[in-house]
Structures are given as structure tokens and as C-alpha cells.
Amino acid sequence: MFTRILAHVHKELLLLLRDRTGLLLVYVMPIFLVSVMAVVQDAPFRDFSDKQVRVLFKDLDGGPVGEAVQRGLEATGSFTITSGQALDEVEFRERVRRGEHQIGVVVPANATEAVAARSEGTMALLFDPLTGDRTAIPAADSAAVLMVVDPAVKHVFRELVRSSLVRVLAGISSERLLADMRVRLEAINGDTLPPIALGGPFVGIDQQLAARELTGSKVASDTTAHNVPAWTIFAMFFTVVLLAGNMVKERTAGCMVRLLTMPGTVAERLIGRITAYLMVCLTQLAILLSVGHWVLPLFGLPPLRFGPPEDLLLLVLAALFIGLAATSFGVLVGSFSRTQQQSAILGSTAVVIMSAIGGIWVPLYIMPGPMQVIGRISPLNWSMEAFNVVMLRQGDLAELVMYLIPLALFAAACLLVSIVAERVVSSR
Amino acid sequence: MIAPDIRVEGLVKRYRNGGRPALNGMDLQVMPGEFFGLLGPNGAGKTTMISILTGVLAPSEGRVLVRGLDVVKEPGRVHRLIGFVPQEIALYDTLTARENLRYFGRLHGLSTAMLGERAEALLVRTGLQDRADEQVRHWSGGMRRRLNIVVALLHAPPILFLDEPTVGIDIQSRAAIWDLLHEVNAGGTTVLYTSHHLEEAERLCTRVVVMDDGRSVGELSTTRGGGHERLEDAFLRLTGRQLRD
């Protein structure tokens with residue numbers, strides 16, 4: 001039996017080696033896919049720290065508030081600020097509408113005056129509660145910083161600018177309140193007090209990864225960390241097209257009829273075929289991880305980082321189960337297809353759909369709620385989660401097994417149905 | 001008394017989507033060392049018959065014994081005794097001839113030494129050895145047909161089944177195949193062969209059964225088998241002159 005399985009494995013590998021188009025599909029296409037998708041998806045994965053939002057800035061105030069707003073936005077490091085000082089209102093809006101700048105910010109002419117009036121009014125109420133005139137404090141909307149938004153800009157960018165403005169304006173207001181309070185106190189005490197500065201929030205923020213941090217890694221997931229495992233899984237499942245096509249070809253060419261009259265079982269043939277394609281999947285993994293580690297940095301992308309050696313063992317284990325699920329699915333498609341065209345269309349369409357809903361194209365957590373639920377029944381999602389457990393979350397075997405079990409059950413179900421289908425066909 | 005190598009009893013085959021049965025109560029016996037022909041017009045049921053005899057298809061009724069072994073109940077043991085040449089060229093066309101032979105030989109459990117020896121002998125015998133390291137997709141139809149037969153002979157089976165083994169090839173290749181099959185049969189191998197080439201059957205077979213409409217309509221001796229009537233005349237007498245489209 002073992003000799004026969006080895007013969008099947010050897011034959012499958014020879015057939016694959018002689019199939020140039022198949023080799024392109026299995027090895028070259030995924031390399032391009034990983035590289036292109038990682039580059040394309042680089043921006044959405046970045047943490048907005050690379051001056052990606054282009055802001056057109058106009059200061060009508062000309063006073064300390066206008067300057068402070070500009071300095072505050074620049075200090076965030078999230079924006080590329082261009083001066084729109086010379087532009088009239090129409091041209092200013094037009095440049096944003098055309099998408100030359102994603103957001104336009106206009107500080108109103110009376111901004112410094114409004115801040116001063118509100119601060120002084122507040123001080124008057126605080127220090128002269130009986131004589132202070134509440135009606136003298138201008139309303140909050142007496143001066144408003146204008147945000148002009150490019151209609152094509154994502155909500156997340158708009159919110160980033162807005163929250164930065166809120167933070168900067170809150171800081172300006174607080175500083176002004178402190179300054180006015182100092183003046184009042186100096187008048188009461190007759191002394192000169194040292195300037196008071198806020199210097200940031202009174203309670204800081206300490207951001208940590210839930211898993212141990214990989215060497216040199218500053219973020220939990222970047223475009224490389226998502227796209228390399230994601231498209232490796234896609235490539236593994238895309239071998240379905242080749243595997244199922246070869247099965248159909250074997251049947252239509254008459255080789256299957258000969259095999260049915262020779263010693264050996266359906267199970268031996270399937271094991272041989274699956275073993276050969278598992279080898280293909282493991283070599284795909286090795287190649288694509290190498291691309292992630294050494295090639296993607298050449299495009300200015302972060303390199304794929306690996307954990308300690310025991311994580312690599314878990315990675316290979318995960319890849320074996322993913323490969324098993326992929327090849328078993330290929331056998332299933334091959335069993336039910338009558339022509340090579342059928343197997344190609346059925347196999348590729350099924351893999352593309354399962355990958356789209358399974359979080360390969362974009363992570364599942366940014367999909368709408370119902371899609372997240374549907375996505376969790378995709379074998380490609382279990383595969384993605386298995387890789388994430390090892391590569392990002394540094395999980396252990398117990399955590400990994402939670403995703404390996406459904407993959408194994410999926411593979412078993414595919415094989416069982418395929419064996420039954422082959423027996424039914426031969427009994428007709 | 002000598003037991004038949006192949007014994008068919010009351011064989012019926014109904015396809016799920018078919019109306020009439022493809023086989024409708026076939027009985028026959030093939031004795032050891034015979035070159036037995038199964039002849040019939042298109043649609044007579046020859047390929048269905050040989051598919052059941054070799055275990056590719058399951059019968060609806062009846063049974064097939066090969067050297068006393070039930071094909072349905074003991075397919076593994078039967079498959080060790082038989083070689084089968086399907087109507088299609090059942091080869092992997094991107095593998096070389098030697099790679100095809102190595103693969104199929106290993107499935108028969110031949111040792112590396114035995115496999116090498118048998119493969120080379122057969123390649124030489126069929127004149128294929130010079131191009132045996134080329135992918136068979138580059139070969140002519142006649143060469144592929146010869147290799148198709150070589151694969152079935154690789155494990156020296158005592159019983160050989162051939163389903164229209166000379167379809168679509170030139171005269172030279174056909175003559176070479178005839179010589180090879182004569183030689184194999186002369187070596188003691190029982191041969192069961194289907195065809196609608198009466199001239200070929202006349203030269204090769206010692207005995208033929210004519211099938212029509214899923215049944216045996218007559219048994220004939222060929223001139224090789226000592227018969228006196230021309231096979232074509234007997235065939236038309238048994239199956240009629242009506243066209244079978």
C-alpha cells in the first residue's frame with residue numbers, strides 16, 4: 001500500500017512539474033498577489049503617522065489662536081499642511097473638491113478675540129461672582145473653525161482631523177484660561193507669578209500589545225503581517241483549480257478506467273494526491289514567507305517578522321492543516337466536475353468567495369456585522385485565524401487547536417463526500 | 001475438467017438514465033489460453049460488458065467469475081490477475097513512456113528490478129525503446145496505442161482484456177499489435193477482446209460471440225479457430241443489415 005501511495009505522490013509531482021501554466025498559477029501568481037496587495041493595502045494599515053492626510057490651511061485670524069492651531073496640527077505629525085492663505089473662498093473650496101487636499105481648515109478672523117472674550121468672561125464670573133456679567137461671555141459658536149471636506153475622503157480621515165482640531169482648540173482654551181487666571185492672581189497678590197503651562201494631559205496613556213512584542217515591531221498588524229499569511233492561504237486554496245483539473249483530466253483521458261482495473265483503493269489514490277499537494281502548499285508557504293521577509297521591504301513595506309523557533313513549528317502545523325483542508329476541497333471539486341472548464345470555474349469561484357467573506361481581502365473585524373458572522377464559517381477564515389494565532393498573537397498549541405479542529409473536520413467531510421461520490425459513479 | 005478463466009452468468013446492466021438494459025442476460029465462458037472475441041455493432045453492449053468483467057462497472061444482476069473469483073466481491077484479487085487495455089489511450093501524456101510504465105508497474109507491486117526488466121523487454125518488443133524518454137504527447141497515435149497495450153502487459157497477467165485496441169491507427173502499427181497479441185496468447189495468456197473489425201477478429205480470435213442489443217445472438221468459430229463460414233457473412237446473418245446509428 002505504501003509503495004502505491006508513493007507512486008501516486010511521485011506521479012502527481014511529475015505532472016505538476018511538467019505543467020508550466022500550473023506552476024505559474026501555484027507559485028508565481030501568489031508572489032505577485034502578495035506583493036501587489038501588500039503595497040496597495042499599505043495605506044489603510046498604517047497608523048496615520050506618515051503625514052498621509054493632506055490639509056489645506058488658511059488663517060484668517062492672524063493672531064495667536066490661528067498660529068497655535070497651525071502649530072498644533074503640525075505637531076500631531078499626521079498631516080501634510082499646505083498654506084491656502086492666498087486663495088479666495090471659492091478657489092479654496094474648489095481645491096478640496098477636486099481632491100488636491102483632503103481637508104481644508106479655515107481659522108476664522110475673530111478666533112483670538114473669541115477665545116479671549118470667553119476666557120475673560122469666565123474669569124470675571126470666577127473672581128467677581130457678584131458683579132460679573134454672565135451675558136458678556138460670547139456664545140461657543142461665535143467663532144468656529146471651518147472644516148471643508150473632500151467628498152471622497154474616508155470617514156476615518158475626517159474624524160482624525162476633527163479630533164485633532166478639538167484637542168488643539170481645547171489646549172488653546174485651557175492655556176488662555178490659565179494665563180488669564182495668572183493675571184487675576186497677580187493683580188490680587190501684587191506679585192509676579194511664574195508662567196503656568198499645562199504641558200499635556202494630567203493622566204497619560206500607556207499603549208501595549210496584548211501579546212509579547214516582536215523585535216522591532218511597533219504595531220500589532222501591518223500590511224505585511226496581514227497580506228502575507230492571507231494570500232498564502234489564498235494561494236494554498238487556489239491549488240484547488242490545478243488539483244481538480246488534473247483529476248478531471250485523468251478521468252476523461254481514460255487513465256481512471258485503467259486505475260480502476262489495477263490493485264489499489266480510492267483512498268490510496270486520494271492520499272497520494274493530497275500528500276503531493278500538501279508538499280506544494282508547504283513550499284508555497286516557504287516561498288511566500290521569504291517574500292514577506294526579504295522582498296516586501298524592498299518596496300518600502302515593513303518586513304514580515306517571525307517569533308521564536310517554537311512558533312515556526314506551530315506555523316508549519318497550521319500550514320499542514322490548512323493545506324489538508326485546501327487539497328481535500330480540491331478533491332471534492334474534482335469529484336463533482338465533469339470537464340476541466342467546470343472544475344476551473346467552480347474551484348476558482350468558490351475560493352474567491354470563501355476568501356472574500358473569510359477576511360483574506362480585508363480583515364474580518366472591519367466588515368459589517370452580518371458579514372463577520374458569515375465569514376466565520378469560511379475555512380479560509382479558520383486558516384487566517386490559525387496563522388494569526390501563531391504569527392501575531394503568539395498563541396500556544398491549545399489556542400491553535402481551536403482552529404485546526406474545524407479545518408480537519410472540513411477536510412474529512414470533503415474526503416468522505418468525494419469517496420462516496422467516486423463509489424456511486426463507479427457503481428452506476 | 002478444466003475450469004474456465006472467465007465465467008459470466010445472467011449478466012444484466014441497467015443504467016440509471018437508460019431505458020432498455022445495456023446488457024440483458026449475458027452468459028459466456030472463456031477457457032484458459034483462448035483468444036476470445038466479443039463482436040457486435042455499435043451500441044451492442046461490448047464496452048459495458050468488458051467494463052463489468054474488469055470491475056470498472058458494477059452489474060445490476062448476475063455475476064462474473066475470473067478464475068473462480070467474484071469480480072464484485074474480490075476486486076483486489078481479480079485485478080492482480082488481469083491486464084486491461086481500454087479503448088481510450090489511458091496514459092499520462094506529459095509523462096514519458098518510462099515514467100508511465102514505472103507508475104503503473106509500481107501500482108502492480110513490481111520490484112524496481114523486475115519493473116525495469118519487463119519494461120525494457122516490452123519497449124524493445126514494440127519498437128518504442130528509442131523514444132521511451134520522450135513525453136508521450138509527442139508520439140504518434142500508433143506508438144501510443146502500442147504503449148497502451150504494453151502497460152497492460154507489464155505485470156505479465158494471465159488474463160488480458162482489450163477494448164477495441166487498434167482504433168484509429170495505421171496499418172503498420174496495427175500489424176505490430178496483432179503480432180504482439182498473437183505472441184502473448186501463444187505464451188498462454190487468455191485474451192478477451194472486443195471489436196467491430198471483423199477482419200481483425202478473424203485473424204486473432206479462436207472463438208467469437210456476437211452481441212446485439214445487450215444479448216448474445218450467436219457463437220462462431222473463426223477461420224483461425226477452424227470455422228468454415230466467413231465471419232462477415234455470419235455476422236450479418238446474426239445481426240441483420242439494419243443501420244445502427
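**View 1. A:Ile103 meets A:Val149 across two strands of chain A.** In β4(A), A:Val149 is the bridge partner of A:Ile103. The model is predicted: local features need pLDDT of at least 70, side-chain atom pairs count only at pLDDT 80 or more, and totals for chains, interfaces and linings use all residues. Residues are numbered from 1 along each chain as its sequence is written, while chains are lettered from A and ligands numbered from 1 in the order in which they are written. Strand β3 (residues 103-107) of chain A runs antiparallel to β4(A), and four bridges join them. Strands pair if DSSP finds at least two bridges between them. Helices (H or I, at least four residues) and strands (E, at least two) are DSSP runs, numbered from the N terminus.

**View 2. The open sheet of chain A has four strands.** Their order is β2-β1-β3-β4, with mixed pairing. At the edges stand β2 (79-83) and β4 (146-149) of chain A; each has a single partner strand, so one side of each is left without a neighbour in the sheet. From one strand to the next, the twist averages 25 degrees. Axes are lines fitted to C-alpha atoms (for helices, over the stretch in contact), and angles run from 0 to 180 degrees between N-to-C directions.

View 3. Contact means C-beta atoms, placed from the backbone, within 7 Å.

**View 4. Helix α12 of chain A has buried residues.** The 18 residues of α12(A) (residues 340-357) should span 26 Å at 1.5 Å a residue; the end C-alpha atoms are 26 Å apart, which agrees. The expected span is 1.5 Å times one less than the number of residues. Buried residues include A:Ser343, A:Gly347 and A:Val351. A residue is buried if 20 or more other C-beta atoms, placed from the backbone, lie within 10 Å of its own. The cover includes α8 (223-252), α11 (309-336), α13 (369-375) and α14 (379-391) of chain A. Just after α12(A), A:Gly359 takes a positive phi of about 90 degrees.

**View 5. Chain B has an open, antiparallel sheet of four strands.** The order is β2-β1-β4-β5. Two bridges join β4 (residues 61-66) to β5(B); B:Leu65 has B:Asp70 as its bridge partner. Helix α1 (residues 46-53) of chain B packs on this sheet, touching β1 (6-13), β2 and β4.

Methods:
Two residues are in contact if their C-beta atoms, placed from the backbone, lie within 7 Å. A residue is buried if 20 or more other C-beta atoms lie within 10 Å of its own, exposed if 12 or fewer, and partly exposed in between; C-beta atoms are placed from the backbone.
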